[in-house]
Amino acid sequence: MRTHDDSGNLVLLKRNDQVLLLTLNRPEKLNALSKELLKQLAGCFLDAERDPNVSCVVLTGSGRAFSAGADISDMLARGVASYTDPERLESWHSIEEFSKPIIAAVNGFAIGGGLELALLCDIILAAQSAKFSCPEIKIGSFPGDGGTQRLPRLVGRLFAMQMILTGMMVDAKLAETKGLVNEIVSDNHLIDRATEIPWIDSRMA
């Protein structure tokens, strides 16, 4: 398993026995999913896939967001090419194909591609401050990384259509009511709760 320090890395790693905590580390951009961030994140998941000592991954964001989604500056510069970039799609596919459990610890905003990243996870915990949205409609786009399929499976077709067609912001309480998240946790206890779940489950097995 590769190790990283905090300087210059877009994904931070921390081990807690067999639980690997991955933290998106681009807080000044609300952890927007740049091509390089996705590449580093995919590399971390590939390493975790190969490491027999990692049984579960917890994914969260630094600062006040889980992730604000696609890097808008890249989208404005390259248009559709930013969506269809082969390297970006390969990184996304590597995360999507990860075979071990992933727990999303959603702190703050999970919008656009950030929400779609959370939807790849097996369990989603929301901090009380968490907010969820599919705002792509506001720039004439739509969820392009699987959200149009995964979101209706969790919240139902009607509410998914409302989120996608209006870009409405959903708070943690409504997200829990609609089945988008498993549970709401206080902001200060979010990571502790996420990292304790694998051990609780293993003791119950």
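Which residues have the most contacts inside the largest nonpolar core? Hi everyone, let's start with that one. They are Leu 22, Leu 117 and Phe 132, and the core they belong to has 48 residues. Helix α1, which runs over residues 35–50, gives the largest share of this core, with 7 residues. Apart from it there is another core, of 12 residues, and Cys 56, Ala 105, Leu 125 and Ala 194 are among them. Please keep in mind as we go that this is a predicted model.

Now let's step back to the whole chain. It has 205 residues, and 51% of them count as buried. The secondary structure comes to 9 helices and 10 strands. If you take the contacts with a separation of 6 or more, 68% of them are between residues 24 or more positions apart.

Cys 56 is buried, at 4% relative accessibility. Cys 134 is also a buried residue, with a relative accessible area of 5%.

Next, have a look at Ser 91. You can find Ser 91 in helix α4, which covers residues 86–96. Is Ser 91 buried or exposed? With a relative accessibility of 8%, Ser 91 counts as buried, because the limit for that word is under 20%. Leaving aside residues up to four places away in sequence, Ser 91 touches Leu 38, Lys 39 and Ala 42.

On to a pair of helices. Helix α6 takes in residues 147–155, and helix α7 takes in residues 157–166. They pack at an angle of about 130°, and their axes are 7 Å apart. That angle makes α6 oblique to α7. From the α6 side, the contact is made by Thr 148, Leu 151, Pro 152 and Val 155. From the α7 side come Arg 157, Phe 159, Ala 160, Met 163 and Ile 164. And what is the handedness of the crossing of α6 and α7? The crossing is right-handed.

Let's finish with the loops. Ala 70 is in the loop between β4 (65–67) and α2 (72–78), and at 34% relative accessibility Ala 70 is partly exposed. Which residue is 38 residues from Ala 70 along the chain, with its C-alpha atom 5.6 Å away? That is Ala 32.

Two other loop residues have a backbone detail to show you. Most residues other than glycine have a negative phi. Asp 17, however, has a positive phi, near 55°. Asp 17 is in the loop between β1 (11–16) and β2 (19–24), and with 56% relative accessibility it counts as exposed. Leu 30 is not a glycine either, and its phi is positive too, at about 55°. You will find Leu 30 in the loop between β2 and α1, where it is partly exposed at 23% relative accessibility.

Notes:
Residues are numbered from 1 along each chain as its sequence is written. This is a predicted model: local features need pLDDT of at least 70, side-chain atom pairs count only at pLDDT 80 or more; totals for chains, interfaces and linings use all residues. Side-chain values use heavy atoms; hydrogens and water are left out. Buried means under 20% relative accessible area, exposed over 50%, partly exposed in between (1.4 Å probe, protein chains only). A nonpolar core is a set of buried Ala, Val, Leu, Ile, Met, Phe, Trp, Tyr and Cys residues joined through side-chain atoms within 4.5 Å. Helices (H or I, at least four residues) and strands (E, at least two) are DSSP runs, numbered from the N terminus. Contact means heavy atoms within 4.5 Å. Axes are lines fitted to C-alpha atoms, for helices over the stretch in contact, and angles run from 0 to 180 degrees between N-to-C directions. Angles under 35 degrees count as roughly parallel, over 145 as roughly antiparallel, 65 to 115 as roughly perpendicular and the rest as oblique. A crossing is left-handed if the near helix is turned anticlockwise from the far one by less than a right angle, and right-handed if clockwise.
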